[in-house]
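Q: I want to learn how to read a chain interface and a single residue. Where do we begin?

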Amino acid sequence: MDLLLIAQLGVIGLTFFMLINASAILVLAERKIMGFMQQRYGPYLVGPHGMLQPFADIIKLLMKEELRPKGADKWLFTLAPMLSITAAFAAFATVPWGAETTLFGLLDEPVKLGVSDVNVGILVVFAITSMGVYGIVLAGWASNSKYSLFGGLRASAQMISYELSYATSLAAVILLAGSLSLREVVDGQSGVWLGFIPSWYIFLQPVGFIIYMIAGVAETNRAPFDFPEAEQELVAGYNTEYSSVRFALFPQAEYINMTTMAAVATDLYLGGWHGPFLPPEYGWIWFLLKVGAILFTYIWVRWTVPRYRYDQLMRFGWKWLFPASVINLIVTAALVLYFNA
Amino acid sequence: MPETLIFYALSGFAIGASAMVIGQRNPMYSVMMLIASFGALAGLYVQLDAPFVAVAQIIIYAGAIMVLFLFVVMLLNAPKEDGSEWDRSHPLRQPAVVRLGGLLASLLVVQLGWALLSARGLGGGVAAFGDAETVSSVRVLGRVLFSEYVFAFEATSILILVAMVGAVVLARREGEGS
């Protein structure tokens, strides 16, 4: 077989492997950081400093009995977690995570680090992420439980509201870059301004970046916007009736969605794999560091900010975040026109 | 050859799913089948070298509009349609309605047949905007939409706005009455 094809397949397999591991690492990181913030150790018994805790969690979940409530809808109850996890994995398909590389001269032609490169990459990510809501809504409806139904209802209303701000903040970056391909957006951010400021879009789009991060938290149903599973009000929200592997797929999908969100933010605002000190061959190290920093911020926010009230969430989304993102888009469009003319 | 096979698979899936939308008793399954049908349509657009249209189809229809459908179905918690109860009272079962529906359906069949027959010699339709490369480009699409078809575009927006205002007015009539 062609060596380039093998390398490309290897990259795809590696991306999949990294995403699975990202969810395991995030489970551990979440519990460790939460413990640190609450002045305790967090998981400590399994492996050195509790590092093998994710394996223990997964084995425990696999061994549990799979339950399905009697009144639940058989098909949709089974379909819902599958939809969630499929959408989570598929959304990463057009996110590039490194520059072109020849694997230290091993290949004749360079291979691109990333599953595929489509000329409407940003929109593909957005389209597939917006499919993820069906998993949650169907899980809530199919469970035939009041708590689950409320979780599902909240999820659909919340995600529709915040998707608007999310998409509008993306549009501002697309205007700046003049391209819908994520790889071209990243390549537009190479180099420096004034000799020392890296030319990342976060410096041109500070408002857009903040809107993107807030909408991203709401899209992935994380605290302070974790209404679909608000445990004080709804037991566990949409996944109350789930157990075993079917249950495990929901948090896994949530963590993978977080990773995708952070990776897209890195590509759009933080310059992707461009950074000082490292040669472009090693740009993926910068990429991983930036994604890690954003994910840490996500976890940090979750354990410091209390949950909103549901009406506050809706009011904030429609009356503040959405107008702010529209104004941001209009100002960006005007400036791009002015400087390009 | 594989392209033709994929085309037939996707079209068959789209038609089957659309038939299931009306065939289902449970509105929840109807919504799901409609989403599946939109997905198959998006696949057909990709085959036509129009990835932007495919993605727009998924974002707008499957990602936004159908979520709202689902929201309404869940909020009303619509029960399964009970056949025996509907037969007597439902207005759509009246003879006049059935006749009009039959007329419209046969008109549609005739129209489809005419379109298929006249499309045989087609091929210049796409070329009017340049080669396949430029047709799939978002830039060209935007330019055509906002220059040549700007009136149709704006008229559609106003139509949607009118529908929205109408919905708000209808929803407000009860309660306040002002």
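Q: How many salt bridges does the rule find across the interface of chain B and chain A?
A: A salt bridge needs a side-chain nitrogen of Lys or Arg within 4 Å of a carboxyl oxygen of Asp or Glu. Across the interface of chain B and chain A, the rule finds 0. This is a predicted model: local features need pLDDT of at least 70, side-chain atom pairs count only at pLDDT 80 or more, and totals for chains, interfaces and linings use all residues. Residues are numbered from 1 along each chain as its sequence is written, chains are lettered from A and ligands numbered from 1 in the order written, and side-chain values use heavy atoms, without hydrogens and water.

Q: Which elements give two or more residues to the side of chain B that touches chain A?
A: Helices are DSSP runs (H or I, at least four residues), numbered from the N terminus. Here they are helix 2, helix 3 (51–76) and helix 8 (138–147) of chain B. Helix 3 gives the most, with 15 residues.

Q: How much area do chain B and chain A bury between them?
A: Interface size is often given as the accessible area lost when the parts come together. The value uses a 1.4 Å probe and is summed over both parts. Chain B and chain A bury about 2,100 Å², with 80% on carbon and sulfur atoms.

Q: Is B:Ser37 buried or exposed?
A: Buried means under 20% relative accessible area, and exposed over 50% (1.4 Å probe, protein chains only). B:Ser37 counts as buried because its relative accessibility is 5%. B:Ser37 sits in helix 2 (residues 27–47) of chain B.

Terms used. Buried area = accessible area lost by both parts, 1.4 Å probe.
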